[in-house]
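Me: I'd like to go through the charged side chains of this model with you. Could you show me the structure before we start?

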Amino acid sequence: MEITLDGHECTPSPSKLRTVIALLALRPNQLVQARQLVDELWGQNPPATAPATLQTYIYKLRKMFVAVSPTATGLFFTRRGGYGLEIEPRDVDSFRFLDLVRVGLGAMDSGDAVRASDLLNQALRLWRGAALDDLDTGPVLAAQVTRLEESRLRALETRIEADLRLGRHRYLIGELKQLVITHPLHESFHGHLMIALHQCGRQHEALSTYQRLRRLMIDELGLEPSADLRRLQQDILAGDGPAQLLPGFVRSARTVLGSPAQLPPPVPDFVGRENQLRDGEAWVRAQVEDGTSRPVVVVRGLPGIGRRAFTTQLAHRVRELFPDGQFHLDMAGAGPGRAHDALARFLRAAGFAEPEVPAGTEERADVFRTWTASRRVLVSLTAPASVEDVLPLLPTGPHCAGLIAAPGGLGEISGARAVDLEPLSTRECLELLTSVVGRRRILAEREQAERLAGLCGGLPLAIRCIGARLAAVSPWPIRNVLRQLEASPTSLLDLLTFNGLDVRARFELGCRGLPGEAFDALCRLAALDEPEFAANQVAPWLGCSTVAADQVLMQLAQWRLLEPRMRETSRADGELRFTFHPLLRLFARERVRTSVEGPDAVGRTGTDG
């Protein structure tokens with residue numbers, strides 16, 4: 001590792017400082033959780049002083065770089081729970097390498113072997129030795145090393161293929177002979193050497209290369225060479241030229257260099273849920289390490305409760321377990337059948353050329369399952385329309401995992417672990433509001449802020465929305481907002497829409513797909529003044545039997561639009577009762593008014609939140 005700043009070399013000498021800067025540099029402009037840095041530095045048994053020591057390391061790095069250049073003042077940033085390095089990715093060699101390789105592969109796929117060879121040579125010249133060879137790597141950096149070294153091999157394979165296509169056989173023989181010694185079981189390098197030797201009229205050496213590899217594979221692995229390599233041997237025996245040999249041996253699809261890393265950034269001011277995050281992380285880690293079954297976590301809850309934010313946080317906590325790729329897809333607002341297009345997107349990200357993506361959904365799923373069977377891959381999905389859309393997108397390998405921010409009514413996924421999110425506590429609401437509007441304003445009107453949090457029912461989306469309004473007009477006192485709501489309680493949902501945040505629209509999206517009779521029942525139940533109710537109480541109100549009412553209530557609970565609670569009674573089995581979230585009750589009452597007063601009575605915004 002080598003770091004230069006304004007032309008001055010400033011690589012830290014202490015190994016742990018080098019580890020910190022390496023991990024931050026490989027995730028430029030991203031928040032790296034302090035917990036991940038601690039794990040990387042000290043492993044599974046960090047000292048009690050680890051967090052304080054980590055802060056000292058960051059301080060030393062800041063001081064070191066500012067001493068070299070005053071422009072480095074803002075190089076490091078600190079946010080809740082972690083640290084980051086604000087640099088351009090192109091200033092990190094590994095990102096320059098991956099970018100050159102990406103363009104080089106595109107040139108190769110389009111048939112421009114000259115440009116592909118030139119770009120891939122530029123990429124490979126950036127290497128001066130093994131990746132991070134001078135660092136003591138922990139679990140995260142070790143995964144990065146594996147990824148980069150694998151990417152280097154793939155780039156080298158493709159550059160050699162480009163040179164073979166350009167007729168540079170004679171110049172490749174020496175390089176390839178060295179490569180087959182360094183990588184004695186690498187079939188691609190052996191196949192390329194056989195082609196180069198054959199083209200130079202050295203058929204005997206080409207066939208001897210095959211025989212040496214075959215004997216080594218049988219002795220070491222108990223396996224015969226691949227069908228492609230055996231076919232290449234037969235073609236050489238038949239005297240075919242390079243124009244026939246090369247396309248038959250080299251597969252046009254290539255592994256994407258730099259595994260897919262599609263996760264959205266974590267929410268910087270995420271609040272609460274620590275116990276659920278810790279439990280979910282521990283379960284995923286245990287399942288992946290055990291390797292007997294693929295873990296799937298389904299995150300459920302009321303619309304606006306923060307399912308996608310929680311899923312993203314969890315994904316970032318476990319991402320280093322999946323060095324072969326992290327896939328993400330937001331399916332909100334899409335109807336059934338989205339898996340077909342999603343599979344094509346995943347396969348392209350995995351390195352499959354467009355002609356190699358099958359036309360049918362089942363065939364695409366088969367290819368994706370095969371590709372993930374022996375890899376470590378994470379798939380994160382937001383708001384899929386149905387279980388049928390989820391199953392083809394889940395990786396199959398036992399060391400893979402799936403995380404799903406589930407909409408209401410998704411249904412059960414066999415073997416999945418469910419995480420049910422509850423509204424935030426008053427303390428957590430104040431913490432979130434503080435992160436948006438600032439500590440001084442909350443301290444000045446703490447009582448009013450608590451009342452506002454109560455009106456929002458602990459819904460994170462609502463707290464963020466009202467906080468954004470308050471932050472946009474900094475002198476606007478919280479007490480004025482409360483006064484406005486006291487004068488017109490039904491205007492709360494109008495207040496909870498600001499700058500792309502819209503609680504009403506999120507509820508509408510959460511009800512999309514709900515059967516009409518169930519939605520009608522939801523609106524009728526919202527008119528009740530009872531804080532909670534049971535099926536036998538509301539059956540007359542709904543005009544149906546108690547059994548039918550119970551079925552409707554359970555369906556609404558499955559969609560996370562009602563919350564079921566078991567109330568103890570004199571009966572041994574208790575009584576199942578249901579309650580509304582206060583904001584959802586307001587929304588449902590609005591819809592009743594809309595049907596009475598006309599479609600323009602309440603505005604609706606179409607958004608996926």
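Me: Let's begin with Arg90: buried or exposed?
Reply: Buried is under 20% relative accessible area, exposed is over 50%, and partly exposed lies in between (1.4 Å probe, protein chains only). Arg90 has 58% relative accessibility, so this residue counts as exposed.

Me: Good to know. What kind of model is this, and how are residues numbered?
Reply: Residues are numbered from 1 along each chain as its sequence is written, and side-chain values use heavy atoms, with hydrogens and water left out. The model is predicted: local features need pLDDT of at least 70, side-chain atom pairs count only at pLDDT 80 or more, and totals for chains, interfaces and linings use all residues.

Me: Which residue forms a salt bridge with Arg90?
Reply: A salt bridge here is a side-chain nitrogen of Lys or Arg within 4 Å of a carboxyl oxygen of Asp or Glu. For Arg90, the closest N and O atoms of the pair are 3.5 Å apart. The partner is partly exposed, at 41% relative accessibility, and its name is Glu88.

Me: How far apart in the chain are Asp420 and Arg300?
Reply: Their side chains meet in a salt bridge, 2.9 Å from N to O. Asp420 is in strand 10 (residues 417-420) and Arg300 in strand 6 (residues 296-300); strands are DSSP runs of E, at least two residues, and helices are runs of H or I, at least four, both numbered from the N terminus. The pair links distant parts of the chain, 120 residues apart.

Me: Arg307 is buried yet has no salt bridge, so which side chain of opposite charge is nearest?
Reply: Lys and Arg count as positive, Asp and Glu as negative, while His and the chain ends are not counted. Arg307 is found in helix 13 (residues 307-318). At 9.2 Å, the nearest side chain of opposite charge is Asp420.

Me: Which backbone oxygen lies 2.9 Å from a polar atom of the Arg307 side chain?
Reply: The backbone oxygen of Ala406 lies 3.1 Å from a polar atom of that side chain. The backbone oxygen at 2.9 Å belongs to Gly301.

Me: Last one: which residue pairs with Arg504 in a salt bridge?
Reply: Arg504 is buried, with a relative accessible area of 7%, and its closest N–O distance to the partner is 2.8 Å.

Technical notes
A polar contact is a pair of N or O atoms within 3.5 Å; within protein, one must be able to donate a hydrogen and the other to accept it, and residues adjacent in sequence count only if both atoms are side-chain atoms.
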